[in-house]
Amino acid sequence: MADIRTDWSYDEISEIYHTPLMELTYQAATVHREHHKTGEVQVCTLLSIKTGNCPEDCAYCPQSAHNDAEVESHGLLDPEEVLESARKAKEAGSTRFCLGAAWRSPKREEEFDQVLEMVKGITDMGMEVCCTLGMLSDEQARKLKEAGLYAYNHNLDSSKEFYQKIITTRSYEDRLDTLEKLRDNDISVCCGGIIGMGETDEDRVKLIHNLATLPEHPESVPVNALLACKGTPLEEKTKVPVWDMVRMIATARITMPDSMVRLSAGRVNMSMEEQALCFMAGANSLFTGDKLLTTKNVEESEDQKMFDLLGLTPRDAFQDAKEKHIPENGVK
Ligand code: SAM
Ligand code: DTB
Ligand code: SF4
């Protein structure tokens, strides 16, 4: 579409981000209606298939072995157990199932093969499968694609400058490399970030600038509000004001009009009214289910109430305009 731009300047995005809120949400809602069905929301479910003891030192993450957070660590789950969880999520109305592993990158071949089995099995059920397993080699990306993988989550998290303050065990370039490998293998890209870690508005604008000037916009952009987990260096951070979430979501919506913008971590600390503001500002995707990866999410009955009250409807799987992302073993 003609109005999809990847040549945004930092100043243009900064101006959007700093627009007075009423005008910003109006503009974002207008773009939203031009590119998406109003009220239609993508319903995703997360499952942590390998939890804790991660060698990376992400300051926000309860799963890092460098942090002192309490999580119930476990090795890779059995594929049958994972398929059973996906079946339940599908029955509850979810169309995307996201498998998360606390890995720097998949290392053991037999474990990677088990992940491939999970991807194939869930795709066969007609769900979009997303994985987030850390950095990938080109061969791993190709094998995941062959198994039917629809999308891969790999966040840039913040600006390049701030990233170095929260993670030292890998670089921004490592992240960009994996994103390139996903594109090379026609895997739909899910890439966004977190706010509330102590970054400045400039870091937030830079994050959106980096996402919106990638050669192709990520098909989904998760916006996470930090969950300040006990035992992490960020445990004292206070709740992100909803207005900051609204600004991030609206700026992502305006600069990346076709992308799904996901109201991700942090919903558990938001009222229904606060979440409604985020949907009005252009969010059209969320995680349902009692748990995110290791932390509590909003209860399903509460989400059902919200869907009814706000008139939200779940979006079908495989609605992506890009045929190349649709797996051969997926249900069209
Ligand atoms: N290990 C993989 C990786 O880093 O790509 C995948 C899992 S990791 C948990 C996925 C994303 O979850 C992170 O990039 C971060 O944006 C988000 N996340 C992790 N902990 C969080 C927290 N405490 N609050 C908000 N978002 C968080
Ligand atoms: C994303 O951006 N947020 C999700 C998903 N991608 C993998 C993860 C949120 C994790 C929140 C902390 C936890 O539950 O451990
Ligand atoms: Fe590991 Fe991912 Fe957590 Fe970083 S965010 S510590 S890579 S699980």
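Guide: For the classes used below, Ala, Val, Leu, Ile, Met, Phe, Trp, Tyr, Cys and Pro count as nonpolar, Asp, Glu, Lys and Arg as charged, and the others, Gly among them, as polar. The model is a predicted one, and a search of the whole structure finds three cavities of 30 Å³ or more. The largest cavity, with a volume of about 860 Å³, is lined by 43 residues, and those nearest its centre are Tyr-60, Cys-61, Asn-153, Asn-155 and Leu-293. Two or more lining residues come from each of strand E1 (40-50), strand E2 (96-101), strand E3 (128-132) and strand E7 (220-225). By class, this lining holds 23 nonpolar, 13 polar and seven charged residues.

Ligand 1 sits in the largest cavity, surrounded by 17 residues, of which Thr-132, Asn-155, Asp-157, Arg-175 and Leu-227 are the closest. That shell divides into 10 nonpolar, five polar and two charged residues. An oxygen atom of ligand 1 lies 2.8 Å from an N or O atom in the side chain of Arg-175, while polar backbone atoms of Tyr-60 and Ala-101 are each found by a nitrogen atom of the ligand, at 3.0 Å for Tyr-60 and at 3.4 Å for Ala-101. The protein covers 90% of the 550 Å² of accessible area that ligand 1 has on its own.

The second largest cavity has a volume of about 70 Å³, and its lining includes Ala-225, Leu-226, Leu-227, Lys-239 and Met-270. By class, the lining of this second largest cavity comprises seven nonpolar residues, two polar and one charged.

Conventions: Residues are numbered from 1 along each chain as its sequence is written. Chains are lettered from A and ligands numbered from 1 in the order in which they are written. This is a predicted model: local features need pLDDT of at least 70, side-chain atom pairs count only at pLDDT 80 or more; totals for chains, interfaces and linings use all residues. Side-chain values use heavy atoms; hydrogens and water are left out. On a 1 Å grid over the protein atoms alone, a cavity is a set of points where a 1.4 Å probe fits but cannot get out, and a pocket is an open set with protein on both sides within 12 Å along at least five of seven lines; lining residues have an atom within 4 Å of a point. Grid points are joined across faces, edges and corners, and a volume is the space filled by probe spheres set on the points. Helices (H or I, at least four residues) and strands (E, at least two) are DSSP runs, numbered from the N terminus. A residue is near a molecule or strand if one of its heavy atoms lies within 4 Å of it. A polar contact is a pair of N or O atoms within 3.5 Å; within protein, one must be able to donate a hydrogen and the other to accept it, and residues adjacent in sequence count only if both atoms are side-chain atoms. Accessible areas come from the Shrake-Rupley method with a 1.4 Å probe; for residues, only the protein chains shown count as cover. A molecule sits in a cavity or pocket if more than half of its atoms lie within 2 Å of its grid points.
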